[in-house]
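Here are a few notes to read alongside the model. Please keep the viewer open as you go through them.

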Amino acid sequence: MSPSINRSSIRTLKLPSGEAVPVLGQGTWKMGEDRRRHADEVAALKLGLDLGITLIDTAEMYASGGAEQVVAEAIDGRRDETFLVSKVLPSNASRAGVKRACENSLKRLATDRIDLYLLHWPGSVPLTETVEAFEALKGEGKIRHWGVSNFDTDEMEELVGLTAGGNVQTNQVLYNLSRRGPEFDLSPWCVKRGVPLMAYSPVEQGALARNARLEAVATRHNATAAQIALAWVMAQEGVIAIPKAGRQGHVRQNAAALDIELTPEDFAELDRAFPPPTRKRGLEMI
């Protein structure tokens, strides 16, 4: 499938703040690790912006800041059209640590603000301290919004019980057809409160692209298995998908998944191939 989309046709959903963001973003995990791939990675992100995929997700952990530097080059001159997401490591989640980590990320990203700043996963620093640090950064204009990543339902409950904890804008988690655990309680919890899930590894790092059970559905749509996996994630209520694509061809394939409209029969077939959870599972991470 070739993309027939334009900026105005990209579906969006709203953060709790009311700001609309695309349901398809660009992930950068594993970018910035090899200088030989640098030009291709920058070109891929730029093409994504051209196609209206304006949400770019990165983190200080990715290539020890290298991914943020790739992003900086890709968004140079286009900062205002980009919704920029980055993350702070739990080891940097203290008041002073968050401030220092954010300033370092801002330097690597060559920008004066991060649109959405996430705690990468729960750690040993009290959540209340991290939230206070996030709120301070908002007050300084260094971040516009904040959220979390890899938080299970009980951790989200703890978070929203804190002063200013209700300002959380998203929870980024591992979610795809083969990792449907969040559907049991985390996803319904987030939908009820209007907090989007941001799905990383929506194609299971490429594993679902080679799945025979997806091929039959893909054939009906003149698509690839990977596109069906991605379309399924984006069809879920309150979910943003952030696949990583380091090549322009891959970006075009991801963008084309926006055009796929899965049928009730498709969903039923996918449920048989990848059954939804029937009990609580611990939140998975990779």
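1. Is Cys102 buried or exposed? Cys102 is buried, at a relative accessible area of 0%, where buried means under 20%, exposed over 50% and partly exposed in between (1.4 Å probe, protein chains only). Cys190 is buried too, at 1%. The disulfide count is 0, taking a disulfide as a pair of cysteine sulfur atoms within 2.5 Å.

2. A word on the basis: this is a predicted model, in which local features need pLDDT of at least 70, side-chain atom pairs count only at pLDDT 80 or more, and totals for chains, interfaces and linings use all residues. Residues are numbered from 1 along each chain as its sequence is written, and side-chain values use heavy atoms, with hydrogens and water left out.

3. Have a look at helix H5 (residues 153–160), where Thr153, Met156 and Leu159 are buried. Viewed down the axis of H5, the buried residues fall within an arc of 115° (directions from the helix axis to the C-beta atoms), so they line one face of the helix. Their cover includes helix H4 (127–140), strand S7 (143–149), strand S8 (171–174) and helix H6 (186–193). Helices (H or I, at least four residues) and strands (E, at least two) are DSSP runs, numbered from the N terminus.

4. Lys280 sits in the segment after helix H10 (264–273) and is partly exposed, at 36% relative accessibility. Beyond its neighbours within four places in sequence, Lys280 has contacts (heavy atoms within 4.5 Å) with Asp152, Thr153, Phe184 and Asp185.
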